[in-house]
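Subject: Structure handover

Hello,

Here is the structure I promised to pass on. My notes follow below it.

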Amino acid sequence: MSNIRHGGQAIVDSLQQHGVERVFVVPGESYLSVLDGLYDSDIETIVCRHEAACTYMADAHGKFTGQPGIAMVTRGPGAAQAYTGIHTAWQDGVPMILFIGLVPVADRQRESFQEFDPVQWFSSQCKRVLILEEVSRASEIVAKAFHAALEGRPGPVVVGLPEDIIQQAFMGELHPVMPIAQGSVTQQELQPIIEAMSEAVKPLLFIGGQNWDAQTCQMLTKFAEDNHIPVIHDWRASDRVPFDSPAHAGYLGYGRSDGCAALLNEADVLVTIGTVLGDVASDGYALRQSFNQPNYIINLDTSLRGHSGAVTAHIAASPISFVKALCETKLPESPSRQAWFEHCHQQQRQDCAFPSITASGKGDNQQSATKHQFASMTLVIQELTKLLPKDAVYSFGAGNHCLWAQRFLPTQVFPSQLSTRNGAMGYSLPAGIAAALESPERLSVVITGDGEFMMNEAELSTAVRYDAPVFIIVMDNGQFGTIRQHQEAHYPHRVSGTQLQNPDFAMMAKSFGAHGIRISNNDRIKEQVAEAMQTIRDEHKTVLLHVITDPDELTP
């Protein structure tokens, strides 16, 4: 009888067997057996306030650790609100498993309370939808979910748990962990790439995606620096090569500089590692679309989903496998390649340099000063960077506030940048909390806008309750700034449907038990940022800076 447990317990025991230390949940009566299994387990249960935030935390965990983040929600409305997190993980290629409680089997197809079809809802936006039909397969379905989430291009997996099935007795052994193939690189595959980079005048590495680790990033950085090969990053993946490395040549995607985009077209050889040249990186299929340009792609996804442009050769291997093989070689010296290398890095240093702005708000690139009744977001971020530890981790979601984070925050170690590539709003705070929970010794910095923050502001209570302090900067310009910017471009001087009414975010933070500071002008920015940093360090307490900015200051 010692081997008898209910299906919910078998699910939890299997999660532990796969190394899961934390799950993100919004509870529901449909999966009480799993919650019961968590009661005596070593797994930490993080109770979230909204299903979207719950799945965002799981997505961020997947990005931060490389292992599937685990989210749990209930049927019907709960599953519907979790859908945005599934779409985020799908487009970003992030390992995640979403467990959804379902109606009892006998209630199916009777329009029962909160009934829905998970296969129809999710199958187009995840790698697999698995429904537990027999309690004897409870552990097996967990093992298959992990394997599906991690194999090839990572992604989300949805597991449906009928309420009555997981209440039944599970007898037998747990299913073992299924190993994941990382692909391999033969000398025959590698040699043409080595020769192409050796002969090129303007070679370029384009990197991103998943299946990276800190050691691989360090190895690639050394290879690029030693062989004078510049590296550009995919959008929202700028933490593979250190911010101040001479190999760092910038990033592509929304907010990229014209200079960085030009590098992509100028390169006579492009080697893409871990990602693909997709819609956003190619400026809507405009950059590097000539079929005469050599493009070597290293990606475990055999379908190269999302890639545009020519494919000279494709190696089905993870960045870990490929970089290990690549770093065993040394390219011949080339003065022309070194000159290109230095040019690319100089371009990046110009792009990430702070503009000259005085305390009054006047800048060398501003026709009129930021109004005195507003604070400069640029000055706030500039003061922040002076106080940041080298291993700080940054999270941001979607909106113009991201331009400050992407451009100026120094990503010195991997992983240190958590964001979304599908433009999902409300991501920044949940992601920052996930990072703080996973690595409490590191400073978790959240950059968010007023529109973005208010989509999941309730998770402030999660940060406080689970002692996961985050340093939050809310850029408050009273509008959905990105849409306002598009609106002005297409329909000048006809602002409609983009303006917001906001609370006092500093007071809101205090009501949750955090520390709030309101910055409404430039007079004391240095002291206020320093106060916030000292508070989170000394008191281990979530801090929020409410930065009131000019509605017309839409970009750095």
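**Pockets, salt bridges and a covered helix**

Helix α17 gives the largest share of the lining of the second largest pocket, five residues. This is a predicted model: local features need pLDDT of at least 70, side-chain atom pairs count only at pLDDT 80 or more, and totals for chains, interfaces and linings use all residues. Residues are numbered from 1 along each chain as its sequence is written, and side-chain values use heavy atoms, with hydrogens and water left out.

**Second largest pocket**

Its volume is about 590 Å³. Of the 27 lining residues, Ala-398, Gly-399, Asn-400, Thr-482 and His-486 are the closest to its centre. Helices α13 (401–408), α15 (450–453) and α17 (481–490) each supply at least two lining residues. By class, the lining has nine nonpolar, 15 polar and three charged residues.

Terms: a pocket is an open set of points on a 1 Å grid over the protein atoms alone, where a 1.4 Å probe fits, with protein on both sides within 12 Å along at least five of seven lines; lining residues have an atom within 4 Å of a point. Helices (H or I, at least four residues) and strands (E, at least two) are DSSP runs, numbered from the N terminus.

**Largest pocket**

This one has a volume of about 710 Å³. It is lined by 43 residues, with Gln-91, Asp-92, Gly-93, Arg-153 and Arg-421 nearest its centre. The lining divides into 16 nonpolar, 16 polar and eleven charged residues.

**Salt bridges**

The count is 22, taking a side-chain nitrogen of Lys or Arg within 4 Å of a carboxyl oxygen of Asp or Glu. Glu-29 and Arg-75 pair at 3.6 Å, N to O. They link distant parts of the chain, 46 residues apart. Arg-75 also forms a salt bridge with Glu-163, the closest N and O atoms being 3.1 Å apart. That pair spans 88 residues. Arg-75 is buried at 6% relative accessible area, while Glu-29 is partly exposed at 39% (buried is under 20%, exposed over 50%, partly exposed in between; 1.4 Å probe, protein chains only). Asp-239 and Arg-240 meet at 2.6 Å, N to O. Asp-239 is buried at 2%, and Arg-240 is buried at 7%.

**Helix α10**

Six of the eight residues of α10 (319–326) are buried. Among them are Phe-322, Val-323 and Leu-326. What covers the buried residues includes α7 (187–199) and α8 (214–227).

Best wishes

Notes: Contact means heavy atoms within 4.5 Å. Grid points are joined across faces, edges and corners, and a volume is the space filled by probe spheres set on the points. Ala, Val, Leu, Ile, Met, Phe, Trp, Tyr, Cys and Pro count as nonpolar, Asp, Glu, Lys and Arg as charged, and the others, Gly among them, as polar.
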